[in-house]
Amino acid sequence: MTLRVVFMGVSGCGKSAVGAAVSKAIGVPYTDGDDLHPAANVEKMRAGTPLTDNDRWPWLDRVASTLRDAAPVMVGCSALKRAYRDRIRAGAGGPVTFIHLAGSREVIAARMSRRAGHYMPLSLLDSQFATLEPPGPDEAVTVDIDQPLAAIVAQILLALKAARSLTPGSDP
């Protein structure tokens with residue numbers, strides 16, 4: 001089984017930082033889903049306008065094609081609704097492990113207020129939480145982000161190791 005991982009959660013949950021750290025730890029490339037958004041989506045978000053499902057479908061298809069064409073690979077993608085995760089799984093070309101980076105609105109808002117140079121404004125955080133359909137244990141590994149990055153990464157590495165050990169013949 002080729003490794004395909006999606007770090008998911010609302011904006012500001014740490015997908016980029018966690019993805020880069022896990023990538024460094026296991027030597028599997030990480031792609032930031034923000035870089036896969038069509039330019040029109042980026043401009044909408046920069047203007048403080050939440051994306052609609054129709055805005056998201058082409059982006060989710062790009063995420064899925066990255067998982068399919070670049071595996072082994074890890075991608076950061078909000079994947080807020082089950083339908084979005086289903087769309088990614090359908091186009092990924094193989095099994096996908098979702099890692100839900102979960103945290104309270106207060107923790108994530110504090111993180112967002114400290115980051116510079118990102119197009120996603122804090123004003124859209126509430127719409128992200130309103131859209132979020134938290135995945136169940138059948139869909140994702142959920143990791144609490146209110147802990148140090150090293151602890152988050154260690155928890156994810158254990159989860160990935162456990163998932164892969166259940167699959168005979170696994171490779172990165």
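Helices are DSSP runs of H or I with at least four residues, numbered from the N terminus. In this predicted model, helix H4 spans residues 82–91 and is followed by glycine 93, whose phi is positive, near 80°.

**Helix H4 and its surroundings**

Tyr84, Arg85 and Ile88 are the buried residues of H4. Viewed along the helix axis, these buried residues lie within an arc of 100°, so they line one face of H4. Their packing partners are strand E1 (4–8), helix H3 (53–70), strand E4 (97–102) and helix H6 (125–131).

**The aromatic pair of H3 and H4**

The structure holds 2 aromatic pairs. One of them is formed by tryptophan 57 and tyrosine 84 in an edge-to-face arrangement, with 5.5 Å centre to centre and 90° between the planes. This pair links distant parts of the chain, since tryptophan 57 belongs to helix H3 and tyrosine 84 to helix H4, 27 residues apart. Tyrosine 84 has a relative accessibility of 1% and therefore counts as buried.

**Aspartate 55 in helix H3**

Helix H3 also contains aspartate 55. This residue is buried because its relative accessible area is 17%, below the cut-off of 20%. Its side chain makes the polar contacts listed here.

| Group on aspartate 55 | Partner | Distance |
|---|---|---|
| Side chain | Side chain of lysine 44 | 2.6 Å |

When neighbours within four places in sequence are left aside, aspartate 55 is in contact with Asn41, Lys44 and Pro50.

Technical notes: Residues numbered from 1 in each chain as written. Predicted model: local features only at pLDDT ≥ 70, side-chain atom pairs only at ≥ 80, totals over all residues. Heavy atoms only, no water. Buried < 20%, exposed > 50% of the residue type's maximum accessible area, 1.4 Å probe, protein only. Helix = DSSP H or I, 4+ residues; strand = E, 2+ residues; numbered from the N terminus. Arc of directions from axis to C-beta. Contact = heavy atoms within 4.5 Å. Polar contact = N/O pair within 3.5 Å; in protein donor to acceptor, adjacent residues only side chain to side chain. Phe/Tyr/Trp six-rings, centres within 6.5 Å; stacked < 30°, edge-to-face > 60°.
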